[in-house]
Structures are given as structure tokens and as C-alpha cells.
Amino acid sequence: MIESAEKAGLLKPGMTVVEATSGNTGIGIAMVCAAKGYACIIIMPQVPAMMERVMIIRQFGGEVRLTAPGFGIKGSLEHYEAILASDPSKYFGTAQFTNLSNPEAHYLTTGPEIWEQTAGQVDVFIHGIGTGGCISGAGKFLKEKKPSVQVVAIEPEEARVHLGAPMKPHPIVGIGAGLVTHFLGMEGKALDGVGEDGKGTPLPGVIDEWACASGAECVEYAKKAAMQEGIMCGPSAGAALKVALQVASRPESAGKTIVVILASHGIRYTAHPLWAAVKAQAVPALPAPPDMSKEGELLRATLA
């Protein structure tokens with residue numbers, strides 16, 4: 001998004017890059033801005049799960065602005081628009097939710113990477129919807145290469161807004177912002193309901209199934225991935241893994257190659273309920289300041 005804006009002359013030296021995000025895109029923008037010499041402002045809802053994102057963005061030198069959590073991402077977007085309107089010559093907005101460079105990047109990179117790594121044998125592509133950029137761009141590439149590829153989109157069970165359901169609070173950071181994607185040909189307009197089978201209305205040639213996972217399931221499956229597979233992943237990845245296993249268990253999936261995106265590392269979410277149990281053990285076991293006395297037992301704590 002930044003490099004295409006530079007090529008188009010929309011982003012010039014000395015300008016400040018601005019974005020509203022639930023987190024990980026903000027980290028990427030802050031990193032790129034640091035490397036390219038731009039100042040940046042990243043706007044997020046003021047919720048505890050943003051802790052690591054705030055810290056990482058600040059470590060890259062980015063400015064962070066936190067908006068009232070009751071307004072969700074829509075409140076962050078309102079502040080984003082106000083900044084851009086205040087001085088268009090100074091501020092450039094990457095507009096991840098509507099910028100066509102978002103899905104284009106995945107059409108040019110993620111889709112071809114999946115195709116190459118599966119030697120063209122991919123049968124099902126599963127991904128959660130945040131902005132919708134990845135599933136739109138990568139899904140388009142894969143279906144052009146192999147029209148039979150099934151594309152499965154994931155939303156939080158508590159926020160199936162693409163199917164017209166109301167937005168409710170949920171802990172699956174990274175997807176389910178409460179906004180209907182402007183990609184996939186939807187232009188921000190929801191479909192007509194979940195349907196009896198829970199799969200929703202397909203978008204012919206784009207989305208074959210609308211799946212979901214609950215907040216509790218995202219935690220359950222992210223923890224399983226760590227403990228059983230050695231894969232440390234975040235909440236949206238836990239949700240994606242739950243759906244992937246669900247799809248893989250169907251009789252018609254026998255022998256199929258299923259690709260699922262696990263979008264972020266779990267270490268970015270230590271303020272999230274995903275880490276609550278181990279955090280409850282670790283905090284009292286690591287008092288601050290530490291007891292430096294040499295009296296008493298040598299072994300002070302065991303966590304298991």
C-alpha cells in the first residue's frame with residue numbers, strides 16, 4: 001500500500017502515514033515507515049488486547065492514538081478521517097479497508113506462494129476476514145489457476161456481520177471488526193443471512209462458504225496448536241485452525257489439500273485471554289522486585 005502510493009505520487013517525503021487498525025497492520029506500517037523515513041500515526045481502540053501492538057509500534061517510533069473502545073474500530077476510523085481532513089498535504093492514509101493495493105498485494109504474492117508450495121494441488125483455501133484483502137487477493141489468484149478451489153471465509157461466531165448478523169463483543173483480535181469488507185465485490189454491503197446450514201450465501205467464484213468460530217474456540221485451538229504441534233499462534237489463527245479441522249473432518253475432504261492461514265505469532269497476545277492461565281501462574285512466581293536473599297529453599301517456584 002505504501003509503495004504503490006509512492007509510485008503514484010500520493011505519498012511524498014516529509015508526509016505522515018496514518019492508519020486505523022486492530023493492530024497487526026499497524027505494526028507492519030510502523031516498521032515500513034521506520035525503514036523508509038516516514039513519521040506514522042496508528043489509531044486503535046483502547047482495549048487491553050492492544051498492549052503488545054502499542055509497545056511494538058512505539059518501539060518502531062510510531063505515534064499511537066487510542067480511541068474510546070465503545071465505538072470499536074468505527075471510532076478509530078472516525079478519528080483517522082479527521083486527521084486526514086485536517087491537512088491533506090501533510091497526512092497520507094493507507095486506508096487498508098478500501099485500498100485496492102491491499103488485495104492486489106496478496107494476488108501478487110500470497111496466492112502465488114500457496115500455488116507454488118502446494119505444486120498446484122491446493123483444493124481448499126481458508127482464511128479469516130479482517131479487511132478481506134488476503135482472502136480476496138489470494139482467493140482470486142487460486143480460483144483463476146484452479147476454478148475448483150473452495151474458498152472458506154471465517155468470521156467470529158459473535159460477529160457474523162457479512163451475513164447480516166449484529167456485531168457483538170468478541171476476543172478474536174484481527175478479524176470481525178464489525179465492518180463488511182469493501183473487497184470480494186461486496187462494497188460494504190452484507191449478504192442475506194446465515195442460513196439453516198450456517199454456511200451463508202456463497203459469492204459465486206469468490207467465497208464458497210462462510211464459516212465461524214467462537215471466542216472460546218479461538219483460545220482452545222490456539223493453545224492446542226502450541227501444546228500439540230509446537231505452533232505458537234494468535235487468536236485469529238486459533239479460529240482459523242478450528243475451522244480448518246472442521247472442514248478437514250468432512251468425508252468429502254478425504255485426500256484433499258487444505259491451506260489455512262495462521263496470521264500471527266501468539267507472543268503478540270500476552271494481554272489476551274489466550275495467556276490468562278499461564279500468566280496467572282507466572283506473575284506471582286516472578287515477584288518484583290525479586291527476593292535476593294540466600295536464605296531458605298534454593299528452589300523458589302515450579303510452574304507446571
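Which residue in β8 does I126 stand opposite? It's V260, and the views below, all from a predicted model, start with the sheet around that spot.

**View 1. A four-stranded open sheet, all in parallel pairing.** Reading across, the strands run β7-β6-β5-β8. β7 (209–213) and β8 (258–260) sit at the edges with a single partner strand each, so one side of each has no neighbour in the sheet. On average, neighbouring strands are turned by 25° against each other, ignoring direction.

**View 2. Where β5 meets β8.** Strand β5 (residues 124–128) pairs with β8 in the parallel sense, over three bridges. Look here for I126 facing V260.

**View 3. K143 and D208 in a salt bridge.** The closest N and O atoms are 2.9 Å apart. This one ties together distant parts of the chain: K143 belongs to helix α7 (residues 133–145), while D208 is in the loop between β6 (150–156) and β7, 65 residues apart. K143 counts as buried at 10% relative accessibility, whereas D208 is partly exposed at 24%.

**View 4. E209 meets R250.** Here's another salt bridge, 2.8 Å from N to O. E209 is in strand β7 and R250 in the loop between α9 (235–248) and β8, 41 residues apart.

Key
Residues are numbered from 1 along each chain as its sequence is written. This is a predicted model: local features need pLDDT of at least 70, side-chain atom pairs count only at pLDDT 80 or more; totals for chains, interfaces and linings use all residues. Side-chain values use heavy atoms; hydrogens and water are left out. Two strands pair if DSSP finds at least two bridges between them. Helices (H or I, at least four residues) and strands (E, at least two) are DSSP runs, numbered from the N terminus. Axes are lines fitted to C-alpha atoms, for helices over the stretch in contact, and angles run from 0 to 180 degrees between N-to-C directions. A salt bridge is a side-chain nitrogen of Lys or Arg within 4 Å of a carboxyl oxygen of Asp or Glu. Buried means under 20% relative accessible area, exposed over 50%, partly exposed in between (1.4 Å probe, protein chains only).
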